[in-house]
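Me: I would like to go through this structure with you. Could we discuss the contact between the chains and then the DNA?

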2 protein chains.
Amino acid sequence: MALEHAILVSLTERAGSGYELARRFDRSIGYFWPATHQQIYRVLRRMDEAGWVRHTEIAQDGRPDKKVYRIAAAGRAELTRWLAAPEDPAVLRDGLGVKLRGASIGDVGVVLEEVERHRAEHAMRHEVYRGIQKRDFPKPAGLHGRDLHQYLVLRGGIRAEESFVAWCDEVIDALRKDRS
Amino acid sequence: MALEHAILVSLTERAGSGYELARRFDRSIGYFWPATHQQIYRVLRRMDEAGWVRHTEIAQDGRPDKKVYRIAAAGRAELTRWLAAPEDPAVLRDGLGVKLRGASIGDVGVVLEEVERHRAEHAMRHEVYRGIQKRDFPKPAGLHGRDLHQYLVLRGGIRAEESFVAWCDEVIDALRKDRS
DNA sequence: AGGTGCAGTGCAACCAGTTGCATAGATAGC
DNA sequence: GCTATCTATGCAACTGGTTGCACTGCACCT
């Protein structure tokens with residue numbers, strides 16, 4: 001149940017509407033906790049009712065009205081509580097492993113293609129993260145506090161994609177050799 | 001919706017009861033697709049109704065009766081269909097990233113401890129996987145077909161845990177330096 | 001004699017996340 | 001002039017996974 005907390009973290013950085021939060025998730029926290037606008041809207045409403053956030057409606061011309069949410073005292077308290085509460089480490093969950101394990105039941109070539117597709121996707125994500133690192137953290141040595149934390153999160157994303165790509169390469173190589 | 005397929009893959013390797021499958025998941029496919037016995041029982045029943053698997057009840061003395069499931073023709077067909085169908089690459093979803101990102105709102109020290117806890121857990125998993133590799137695949141160079149695929153899946157688990165531990169070390173190191 | 005753990009199945013309630021759709025005005029491209 | 005995309009919010013239905021509990025009987029340890 002960490003979407004609440006992911007949103008709260010995002011709101012401490014700056015207030016925003018559901019839509020804006022969804023955009024933000026697409027390009028930052030979402031790397032570690034993806035969420036659709038649907039989910040975000042629902043959770044925001046729930047948190048509003050619980051008093052964790054407050055909203056103010058803002059009329060815009062030419063655009064639909066929006067509700068800008070900001071974190072409330074109760075939300076801040078919940079966030080610090082959650083930060084201090086130990087949580088079980090996440091588990092890996094990737095269907096590609098299952099496919100690979102079952103590859104010999106069907107056509108190995110077709111699974112190989114799937115691994116190649118996934119490799120491409122993960123390589124793309126890796127590139128995106130590297131780009132962000134270059135642009136936003138050109139000198140990581142001098143970072144402190146919140147900036148440092150943000151940098152380290154990004155590093156996690158980079159490492160994860162990197163290692164995934166390396167695994168795909170190992171798999172592709174091994175499957176090709178086995179087939180020839 | 002890959003639990004169905006994970007179970008089917010497991011059943012092609014050998015038939016088994018819900019309980020046995022749950023045990024198997026704990027120590028093999030579960031590395032890429034964890035599942036509780038509850039879920040497995042429900043999915044087995046659903047697949048039974050759909051004709052993807054068949055079961056035979058086996059009376060045991062001293063122990064409760066069990067239902068041994070084996071894959072049916074329709075299940076095999078579904079499995080090959082699924083193997084050939086492209087799937088979206090999995091996304092990372094780890095609350096630790098969210099915590100790290102929000103660390104400066106609460107006590108950074110407490111988040112640091114959490115990272116250390118997670119590191120320990122992932123290091124343990126890594127050790128377990130390495131142990132399996134040593135025991136079951138002492139000579140990876142000579143592997144082919146299904147054994148090779150199983151080995152490669154294990155490699156994925158090893159790499160993922162390895163890279164997670166390395167990230168934790170980077171984080172721990174950086175947070176300690178920032179605090180001193 | 002009592003507690004823990006294993007083998008075995010299962011129900012019921014719940015929580016979290018996904019998908020498809022609806023609405024509506026502005027802007028941008030063909 | 002038409003279509004697509006962006007901003008902005010939201011309902012409804014569904015799927016997948018988690019948690020807590022219940023029942024049985026054996027084996028093992030203290």
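Reply: The answers below concern a predicted model, taken topic by topic.

Me: How many residues does each chain put into the contact?

Reply: Chain A contributes 61 residues and chain B contributes 61 residues.

Me: Which elements of chain A are involved on that side?

Reply: Those giving two or more residues to the side of chain A that touches chain B are α1 (3–13), α4 (73–84), α5 (95–102), α6 (108–136) and α7 (145–179) of chain A.

Me: And which gives the most?

Reply: That is α7(A), with 19 residues.

Me: How do the residues on that side divide by type?

Reply: On the side of chain A that touches chain B, there are 30 nonpolar, 17 polar and 14 charged residues.

Me: Turning to the DNA, how many residues surround strand D?

Reply: DNA strand D is surrounded by 20 residues, and the closest are S17(A), G18(A), Y19(A), K66(A) and M1(B). Two or more residues of this surface come from each of α2 (18–27), α3 (37–50) and β3 (66–71) of chain A, and from α3 (37–50) of chain B.

Me: What types of residue are they?

Reply: The surface near DNA strand D has 7 nonpolar, 9 polar and 4 charged residues.

Terms used. Residues numbered from 1 in each chain as written. Chains lettered and ligands numbered in written order. Predicted model: local features only at pLDDT ≥ 70, side-chain atom pairs only at ≥ 80, totals over all residues. Near = placed C-beta within 6 Å. Helix = DSSP H or I, 4+ residues; strand = E, 2+ residues; numbered from the N terminus. Nonpolar A, V, L, I, M, F, W, Y, C, P; charged D, E, K, R; others polar. Contact = placed C-beta atoms within 7 Å.
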